[in-house]
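Please examine the sequence and the three-dimensional structure shown below. The paragraphs that follow lead through them step by step.

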Amino acid sequence: MRSCKTLSLVLVVLALVVAFPAAGRCVVLNEYGDLFDAVLSNLVDNYAWELDEQGRPIVGNWDRDEMYDSTLFAPDILYRLAADPDFGDETVRAQMRTLARQTVNYEMGLLTRYLLGDDSVKLEAFAGAPCLIDALRASGDWIYNLILAGAMLMVRDIVSQEPNFLGEYMGYVCAYGLVGYYALSFADVEKHLTGQMAEEIGLQILNLAVQRHWVEEDGRFWPIYNLYEDGWMLMGLAYAYGATGNEEYKNMADLVMDEIDTNLWDAQNPGGGYWEYGPYMYKPELGRWKKLSTHERIARGMLHWFEVTGDPAYLDQARKMLDYTRDNLCVEDCYQPGRIMCYHHWTEVTGLPHVVSDESDPRYDPYYPHPFCTGCNFNLLIDIYLLNKFVQESGNYPRRIGACGTVVSVAAGQGSAAGASAAGAAVLALPALCAAVLKRRYRGRPGGGRRSQP
Ligand SMILES: [Zn+2]
């Protein structure tokens, strides 16, 4: 951490960076606002932070973060709330900013440990890394730009040789969609030299996904192990369309939605919801599943499709998934009586997993020692916030995404283009160095080599 801060300081001095604050926009949570407030307050009051073996809080590491996605998702919504004058009072907004920064600092610590040789944190460090895009958007600090640019170069190389570097629980479609989406998000925030590079990498990766995994006759990507993989791909395709205007991305996204709406939406049950694909059911004895991660991520895909097309039908698609989630997955938190949490999945045999959950016998799902993860709850908060924001600011959409797109995510007066370009030039040599170190680290560990494609 200290070395990162020192490097950051040096870069600031060298490149005369003018830091810019996040935009102050007023978003009123007219839709799903009660759910938003209930989940957010429970997360802040009861799940910050995980305790270590001595019972001390690991500051920045959200409790019950089963797949490291709290580190990934929490800063996005917390920075947005911190910059929103309509949210709470000064004290509450300052608290949101502090929690966001602490989460980002935790991620920076993980990345530093990984770079210094600690392989045990690799998956956690990789999974949370895109939160640095939110930190860059909120602070304009070039240390984040430097690390993200290095990571982009590294990821481009890995994807061309070894497509699925995210681990065995995520499929290839997920890996491509996620990396493509975040590369284009980084380009969208950065806008200058490294943003151009990130945009090219993001489009290359998404085009590779189409080449390798788009099945023309079925109108879908395949194989899909968890339906939320489609959510990541829909997010990536939306931003690819937003960056290029290429209608093929839109045709593919619309076909994916047709396919899952036709084959997986539960039309028998008034509550609806998407079933997961049968062939990849993890525990067949529990029957078919519906998952929070699927609904909130496909909703997020639909929200970004609104962002790039301005078509309100996509907002209705997102509402359909948020309705299902609110009405069927969000109930009293089994660990915090009286508080609300959204559970990770519902199964045909057991209903909500907490009905059968038992710490000593968590038989509903060996992946998760707990029946929910705080990360997916944070992502749900992002969905709700974005839905309300897009409705209230609908005149700003569609918008162009990527390095050449318009800036809507950061405040006006963010620092001169000349200053930012100088900063970009100053750091352009360093990402290559960073990537070289990362690549050496990645290759130097067992499991860093190739695996066969399933
Ligand atoms: Zn999760």
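Is Arg-64 buried or exposed, and how many other C-beta atoms lie within 10 Å? Arg-64 is buried, with 20 other C-beta atoms within 10 Å. A residue is termed buried if 20 or more other C-beta atoms lie within 10 Å of its own, exposed if 12 or fewer, and partly exposed in between, the C-beta atoms being placed from the backbone.

The structure is a predicted model, in which local features need pLDDT of at least 70 and side-chain atom pairs count only at pLDDT 80 or more, while totals for chains, interfaces and linings use all residues. Residues are numbered from 1 along each chain as its sequence is written. The predictor's confidence in each residue is expressed as pLDDT, from 0 to 100. For the protein chain the mean pLDDT is 84, and 78% of its residues reach 70 or more. Over residues 444-454 the pLDDT is below 50, and this stretch has eight contacts in the model beyond near neighbours in sequence. Two residues are in contact if their C-beta atoms, placed from the backbone, lie within 7 Å.

The protein chain contains 15 helices and six strands; these are DSSP runs numbered from the N terminus, helices being H or I of at least four residues and strands E of at least two. Of its 454 residues, 48% count as buried. Among contacts between residues at least 6 apart in sequence, 72% join residues at least 24 apart.

Arg-64 belongs to the loop between H2 and H3. Although Arg-64 is not a glycine, its phi is positive, at about 55°. Tyr-68 is found in the loop between H2 and H3, and has a positive phi of about 65° although it is not a glycine. Tyr-68 is buried, with 21 other C-beta atoms within 10 Å. Trp-49 also lies in the loop between helix H2 (33-46) and helix H3 (69-82), and a cis peptide bond with omega of about 15° joins Ala-48 to Trp-49. Another cis peptide bond, with omega of about 0°, joins Trp-222 and Pro-223. Pro-223 is located in the loop between strand S2 (220-221) and helix H10 (228-244).

Attention now turns to the helices. The axes of helix H6 (residues 131-139) and helix H8 (residues 172-190) come within 10 Å and cross at roughly 10°. That angle makes H6 roughly parallel to H8, a term for angles under 35 degrees, whereas those over 145 count as roughly antiparallel, 65 to 115 as roughly perpendicular and the rest as oblique. In this contact, Ile-133, Leu-136 and Arg-137 of H6 meet Tyr-182, Ser-185, Phe-186, Val-189 and Glu-190 of H8.

In H8, 19 of the 19 residues are buried, so the helix is largely enclosed by the rest of the structure. At 1.5 Å a residue, its 19 residues should span 27 Å, which agrees with the 27 Å between its end C-alpha atoms; the expected span is 1.5 Å times one less than the number of residues. Just after H8, Lys-191 takes a positive phi of about 75°.

Helix H12 (residues 292-309) should span 26 Å with its 18 residues at 1.5 Å a residue, and its end C-alpha atoms are 26 Å apart, which agrees. Because 17 of the 18 residues of H12 are buried, H12 is largely enclosed by the rest of the structure. Just after H12, Gly-310 takes a positive phi of about 75°.

Terms used:
Axes are lines fitted to C-alpha atoms, for helices over the stretch in contact, and angles run from 0 to 180 degrees between N-to-C directions.
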